[in-house]
Amino acid sequence: FFFQAEDGIRDKLVTGVQTCALPISASDKLRAAIARRHGVAHDCVFVGNGSDEVLAHVFMALLKHDAPVLFPDITYSFYPVYCALHGVTYETVPLTDEFAIDVNDYLKPNGGIIFPNPNAPTGREVPQADIERLLQANPGSVVVVDEAYVAFGGTSCVPLTSKYPQLLVTHTLSKSHALAGLRVGYAIGQPALIEGLNRVKDSFNSYPLDRFAQAGAAVAVEEEAYFNELCRKVARTRERLTGQLKELGFEVLPSVANFVFARFPGRDGAEIAAKLRERSIIVRHFRNPPRVSPYLRITIGTDEQCAGLADALQEIVYTNKNK
Ligand SMILES: *Cc1c(COP(=O)(O)O)cnc(C)c1O
């Protein structure tokens, strides 16, 4: 994000690091920048070292109850890890046959609900109206929408937080801002939820973000036009690649993320992934659960990289059929 940005953006970063006030526990400037960007109040924002840390606090502070937390059977692999670590009971809810989250399947007693929107590794999005229907039917426990990939074409639920006190939305600067190494993520929700998160966080580390991360994240969050242009570029390449894959005979799930989930009928995902690797192209293959095994999760690269991928796939699925 910063290295490719124009000099003006880098200058703002340097000034930001120099002027960031100590003590830094409250991350005030960064929280103010995030609040402005999303049009929410300052006390509706919680920041952490990556959204993984934010989620760790969420599981500990908001999702630990007698009833199980619900999340999809195919989703971000860290959720069950947090549950095990923090002693949170959970129940997984199968995706539909089309690999979608159906909110009707979540209308049962629970200690909280969490899912990424769009989901990973499918890239599929739950329509906003369905999420609102879920919130209306589920007023008694916290609903967390993990929007790690929302900027590539999804619709954010942040505006719904003013209406639903049980809704918490998490974001990260690791994906769409290309700042994974800076380790900054945040959550937006009504002040009561944010206060609960702060109480748990302050119980073991009240100095969460270093000065550089705060300054860097604040500048990145403020550079909205530059950010939007980069995200649009990824989305355009995703649509082009989706078209190319379909032309080759792949089935591609409708994605609004910076990756696509695709399979070639009759061919094994692991075998295609291995042949791509021989050509120095790395895609992600998941062996489990069995119904995702035919699929490949392909990250959107540059136009040139995606064109190279399409050529390699053509070779693999047609020319080398019997090799
Ligand atoms: C990457 C990712 C995160 C965590 O990202 P951080 O680098 O910790 O901010 C959280 N949720 C999902 C769905 C992700 O893909």
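How many of the twelve residues of α7 are buried?

Reply: Nine of the twelve residues of α7 are buried, and the helix is mostly covered; buried here means under 20% relative accessible area, exposed means over 50%, and partly exposed lies in between, with a 1.4 Å probe and protein chains only. This is a predicted model, in which local features need pLDDT of at least 70 and side-chain atom pairs count only at pLDDT 80 or more, while totals for chains, interfaces and linings use all residues. Residues are numbered from 1 along each chain as its sequence is written, and side-chain values use heavy atoms, with hydrogens and water left out.

The helix itself runs over residues 211-222 and reaches 17 Å from its first C-alpha to its last, close to the 16 Å expected at 1.5 Å a residue, where the expected span is 1.5 Å times one less than the number of residues. Its buried residues are Ala 213, Gln 214, Ala 215, Gly 216, Ala 217, Ala 218, Val 219, Ala 220 and Val 221. Helices (H or I, at least four residues) and strands (E, at least two) are DSSP runs numbered from the N terminus, and the chain has ten of each. The radius of gyration of the chain, taken over C-alpha atoms, is 21 Å, close to the 20 Å that the globule rule gives for 323 residues, so the chain is as compact as a globular protein of that length; that rule is 2.2 Å times the number of residues to the power 0.38. Across the 323 residues of the chain, 51% count as buried.

Helix α8 covers residues 224-248, 25 residues in total, and reaches 36 Å from its first C-alpha to its last, close to the 36 Å expected. Among its buried residues are Phe 227, Cys 231, Ala 235, Arg 238 and Leu 241. An α-helix has 3.6 residues a turn, so residues three or four places apart point the same way. The buried residues of α8 pack against α2 (28-38), β8 (251-252), β9 (259-263), β10 (296-299) and α10 (303-319), contact being heavy atoms within 4.5 Å. After α8 comes Gly 249, whose phi is positive, near 105°.

Contacts can also be considered over the whole chain. Of those with a separation of 6 or more, 69% are between residues 24 or more positions apart.

Some backbone details in the loops may also be worth checking against the display. The peptide bond from Asn 117 to Pro 118 is cis, with omega near 0°, and Pro 118 lies in the loop between β4 and α5 (128-137). A cis peptide bond also joins Asn 288 and Pro 289, with omega about -10°; Pro 289 is placed in the loop between α9 (269-278) and β10. Phe 99 has a positive phi, near 60°, in a residue other than glycine, and sits in the loop between β3 and β4, where Phe 99 counts as buried at 6% relative accessibility. Ala 178, whose phi is also positive, near 55°, lies in the loop between β6 (167-172) and β7 (185-189), and is exposed, with a relative accessible area of 54%.
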